[in-house]
Amino acid sequence: TNTHTSRVPLDRYQRKQTLTNAERYTTDELVDLERKVISAKTRRAELELEIFSELKNRLLADAQWFLKLAYFVSEVDVLTSLAWTAVERNYTRPYFSKEGHIQLQASRHPVVERATRFVANDILLNRNECLLLTGPNMAGKSTVMRQVAVIALMAQVGSYVPASHAELPLFDRIFTRIGASDSLTEGLSTFMVEMKETATMLNEATENSLVVLDEVGRGTSTYDGLSLAQAILEYLVTKRKPMVLFATHYHELTRLATQYPHIHNAHMSIHQEKGDLHFLYTLTQGAAGRSYGVQVAKLAGLPKEVTNRAEKLLQSLENGGAMVSVPQLDLWAQAMHETEVDDSMEERHKELLVELKNFSIQRMTPLDALNKIAEWQQELS
């Protein structure tokens, strides 16, 4: 402090900085030490760069060996992870079928089974066949289809698979059309994206491909969607002939199993008790009779007023209400009925034209002619 500046030995201390109430001093030894520290810091940086450059040059000279080592270590890491997972989760070794069939016993979804209680399913599908899945939402249709695709992929990368027994063919590609998405920046609606992806399948799938289609055709009107879904399925089983997993709520499509021997109906079982729906998550042969959409809406928590109104509307539709003249699930029958009506009307029109041509106006009184015209109008209406 300034109080003691007169006592500073100026032969050893050198004034360095003046402050408000004090003076700062240094010595020759401190100056030398500061110079050494700064010099050492600079030298350290130079040495680090020199050592790094030397190490880099040595590594570059043997880069191919290090890359090979990294590749082998990564491969060991992947295989070890797959092996540990197989032991931990009770996976089994898959076999590749020369006959080209899928046979999975007690198969599971490797991700879903880790998150919730899982019901294993048996799946048998021969070469070029189609499994047509029906049943309510939330019953497990999508999960079953996806687990087949995931198991096929796992098998072909060399992994054990979540099943008690697994036989699969070698697939050249796995095509999937699942979920709803759009591409607004490209001006593509959800339905257009669905159709573009489906077009890729129809153009590129082969007899050695696996095709997974989930609810194709639902993004447009009922008749358009049903027609597209049937045409797509028919094209796959008759032209491209891949293995197909096809989930749908168009129950009319289940009739195709009687026309095409490669199509097999299956559904996810449910149990209905006192109006409550219980999902069994079990794959069962045969077609489902209903989609149970109103019941699923109840489980989702829709207001009771809404679901009660929906039930009344559904009963009205199924009983031939004003909105539709045939049962809800029989759209083809409605189309056939309309066609028959049209044919009948066309025939009657021809008869009326003949009657009109042969109608003798000269022999008719005005009143008789008026009555005849009224009769024709009544028939036409």
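**Entry 1: accessibility, and Lys312**

A residue counts as buried under 20% relative accessible area, as exposed over 50%, and as partly exposed in between (1.4 Å probe, protein chains only). I start with Lys312, which is exposed because its relative accessibility is 59%. Lys312 is found in helix H8. I note the labels here: helices (H or I, at least four residues) and strands (E, at least two) are DSSP runs, numbered from the N terminus.

**Entry 2: what I am working with**

The model is predicted, so I note that local features need pLDDT of at least 70 and side-chain atom pairs count only at pLDDT 80 or more, while totals for chains, interfaces and linings use all residues. Residues are numbered from 1 along each chain as its sequence is written, and side-chain values use heavy atoms, with hydrogens and water left out.

**Entry 3: H7 against H8**

Two packed helices are described by the angle between their axes and the distance between the axes. Helix H7 covers residues 293-300 and helix H8 covers residues 304-318. I find their axes 10 Å apart, at an angle of about 180°. Axes are lines fitted to C-alpha atoms, for helices over the stretch in contact, and angles run from 0 to 180 degrees between N-to-C directions.

Which residues of H7 and H8 meet? On the H7 side I list Val294, Ala297 and Lys298, and on the H8 side Thr307, Ala310, Glu311 and Leu314. By class, this contact holds 4 nonpolar, 1 polar and 2 charged residues. For the classes, Ala, Val, Leu, Ile, Met, Phe, Trp, Tyr, Cys and Pro are nonpolar, Asp, Glu, Lys and Arg are charged, and the others, Gly among them, are polar.

**Entry 4: Lys298 in H7**

Lys298 lies in helix H7 and is partly exposed, at 35% relative accessible area. Not counting residues up to four places away in sequence, Lys298 touches Thr307 and Glu311; contact means heavy atoms within 4.5 Å. The side chains of Lys298 and Glu311 are joined by a polar contact of 2.7 Å. A polar contact is a pair of N or O atoms within 3.5 Å; within protein, one must be able to donate a hydrogen and the other to accept it, and residues adjacent in sequence count only if both atoms are side-chain atoms. I also checked Asn308, which is 10 residues from Lys298 in sequence and 9.4 Å away in space, C-alpha to C-alpha.

**Entry 5: the buried part of H7**

Which residues in H7 are buried? I find Val294, Gln295 and Val296. The buried residues of H7 pack against E11, strand E12 (276-285) and H8. Just after H7, Gly301 takes a positive phi of about 100°.

**Entry 6: two residues of strand E11**

His267 sits in strand E11, residues 263-273, and is buried at 17%. A polar atom of the His267 side chain is 2.8 Å from the backbone oxygen of Gly286. Leaving aside neighbours within four places in sequence, the contacts of His267 include Leu133, Thr134, Thr282 and Ala288.

Ser269 is also in strand E11. Is Ser269 buried or exposed? At 12% relative accessibility, Ser269 is buried. The side chains of Ser269 and Thr284 form a polar contact of 2.5 Å. Beyond four places in sequence, Ser269 is in contact with Phe279, Leu280, Tyr281, Thr282 and Thr284.

**Entry 7: aromatic pairs**

I searched the whole structure and found 2 aromatic pairs. Rings of Phe, Tyr and Trp (its six-membered ring) pair if their centres lie within 6.5 Å; planes under 30 degrees apart are stacked, over 60 edge-to-face and the rest tilted. Tyr71 and Phe72 have ring centres 5.7 Å apart and planes at 65°, so this pair is edge-to-face. Phe279 and Tyr281 have ring centres 6.0 Å apart and planes at 45°, so this pair is tilted. Phe279 is buried at 18%, whereas Tyr281 is partly exposed at 32%.

**Entry 8: positive phi outside glycine**

Asn90 is not a glycine, yet has a positive phi of about 65°. Asn90 lies in the loop between helix H2 (63-89) and strand E3 (95-96), and is exposed at 59%. Ala106 has a positive phi near 50°. Ala106 lies in strand E4, residues 102-107, and is partly exposed at 27%.
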